[in-house]
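Work through the exercises below with the model open beside you. Try each task before reading its solution.

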Amino acid sequence: MARLFQGIQLKPIIIIIIGTLIFGFGIIHFNLQNGLAHGGFTGITLLLYYLFEIEPSLSNLLLNIPLFLIGYKLFGRLMLIYSLIGTVFLSISLRYFELNPVTEIPLQDDMILVAIFAGVFAGTGLGLIFRAGGTTGGVDILARLANKYVGMSIGKFMFSFDVVVISLSLIHLSLTQAMYTLVTVFVAGRVIDFIIEGASAAKSTMIISSKTDELSKAIIQRMSRGSTVLTGKGSFTSDERSVLYCVVNRNELVQLKNLIKEVDPYAFFSINDVKEVSGEGFTFDNQRQPLKPTT
């Protein structure tokens, strides 16, 4: 028993519970109150409610528990435990908000807002759950089974499953409601990506210059940023040349561009988005000192 719970941490569990509360709130207060469906198993639970008045909190457990019994070998021990926690607490969250709705949100006259907020709440909740190492079961398990036994990619299966569920929802929903549901699923997917990839967006720059050393020193002295010198080779001249790689915060980009133009107006440089960055210069300890590797 001790080995079963070895490595389990409180912080991911708390994040998963918060995620289920956010997700559950959105499902009850935006999807359910306004007659929208959803993708995945959540969409099936909503459809069962619309057709047979089976509470989503109950159908979520009834649908997921058998899948966990079938697909438990596909998960690592920690992910299995965190996923079970996510599934159970999602049902608890749904039940709580079913019995105790926080408020009636009268947005029936603005379904675009309903669809967007439904997607934001779903994406935020699921993003937190995924980032903490858990899932809410359902499609994730089926996708892994399809990948293992049929060879179908996980992403393709999940997209196809969403299309099927939303299509089946047309049994109850109008075409307009189904289209708003697609907006919800799209927004949720983008929010999930944002949360998983991190909010610490930065910019990376590749600089090809004949004054690499001067640029490197200027970046250190005037921006307190480090850089890495790479070795490259020109395709036309076959000459070896230095390439400077530097990552800066978004608000430092203009300063870096001006610095490059000042030191070497003929420098060639490209700029790319960095969705998450971690390490010295970006992550710090409580005293705002750069983290150093331990020996």
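**Exercise 1: the largest pocket**

By class, 14 nonpolar, twelve polar and two charged residues form the lining of the largest pocket. Here Ala, Val, Leu, Ile, Met, Phe, Trp, Tyr, Cys and Pro count as nonpolar, Asp, Glu, Lys and Arg as charged, and the others, Gly among them, as polar. This is a predicted model, in which local features need pLDDT of at least 70, side-chain atom pairs count only at pLDDT 80 or more, and totals for chains, interfaces and linings use all residues. Residues are numbered from 1 along each chain as its sequence is written, and side-chain values use heavy atoms, with hydrogens and water left out.

Task: find which residues lie nearest the centre of the largest pocket, and which elements line it.

Solution. 
- Step 1. On a 1 Å grid over the protein atoms alone, a pocket is an open set of points with protein on both sides within 12 Å along at least five of seven lines; a cavity is a set of points where a 1.4 Å probe fits but cannot get out; lining residues have an atom within 4 Å of a point.
- Step 2. Take the volume. The largest pocket holds about 610 Å³ of space. A volume is the space filled by probe spheres set on the points, with grid points joined across faces, edges and corners.
- Step 3. Go to the centre. The lining has 28 residues, and Leu126, Phe130, Met158, Asp162 and Ile192 lie nearest the centre.
- Step 4. List the elements. Two or more lining residues come from each of H2 (40–52), H3 (56–71), H4 (77–99), H5 (111–131), H6 (139–149), H7 (154–168) and H8 (175–197). Helices (H or I, at least four residues) and strands (E, at least two) are DSSP runs, numbered from the N terminus.
- Step 5. Find the largest share. H8 gives it, with six residues.

**Exercise 2: the cavity**

Task: how many cavities of 30 Å³ or more does a search of the whole structure find, and what lines the largest cavity?

Solution. 
- Step 1. Count. The search finds one cavity of 30 Å³ or more.
- Step 2. Size it. The largest cavity has a volume of about 30 Å³.
- Step 3. Name the lining. Phe23, Ile27, Thr42, Thr45, Asn60, Leu90 and Leu94 line this cavity. Helix H1 (10–32), H2 and H4 each give two or more of the lining residues.
- Step 4. Sort by class. Four lining residues are nonpolar, three are polar and none is charged.

**Exercise 3: the faces of H10**

Task: which residues of helix H10 are buried, and why do they line one face?

Solution. 
- Step 1. Set the cut-offs. Buried means under 20% relative accessible area, exposed over 50%, and partly exposed in between (1.4 Å probe, protein chains only).
- Step 2. Pick the buried residues. In H10 (residues 253–263) they are Leu253, Leu256, Leu259, Ile260 and Val263.
- Step 3. Look down the axis. The buried residues of H10 fall within an arc of 125 degrees, so they line one face of the helix. The arc is that of the directions from the helix axis to the C-beta atoms.
- Step 4. Check the other side. Val254 and Glu262 are exposed there.
- Step 5. Find the partners. The buried residues pack against S1 (202–208), H9 (212–223), S3 (240–249) and S4 (268–274).

Notes: Contact = heavy atoms within 4.5 Å.
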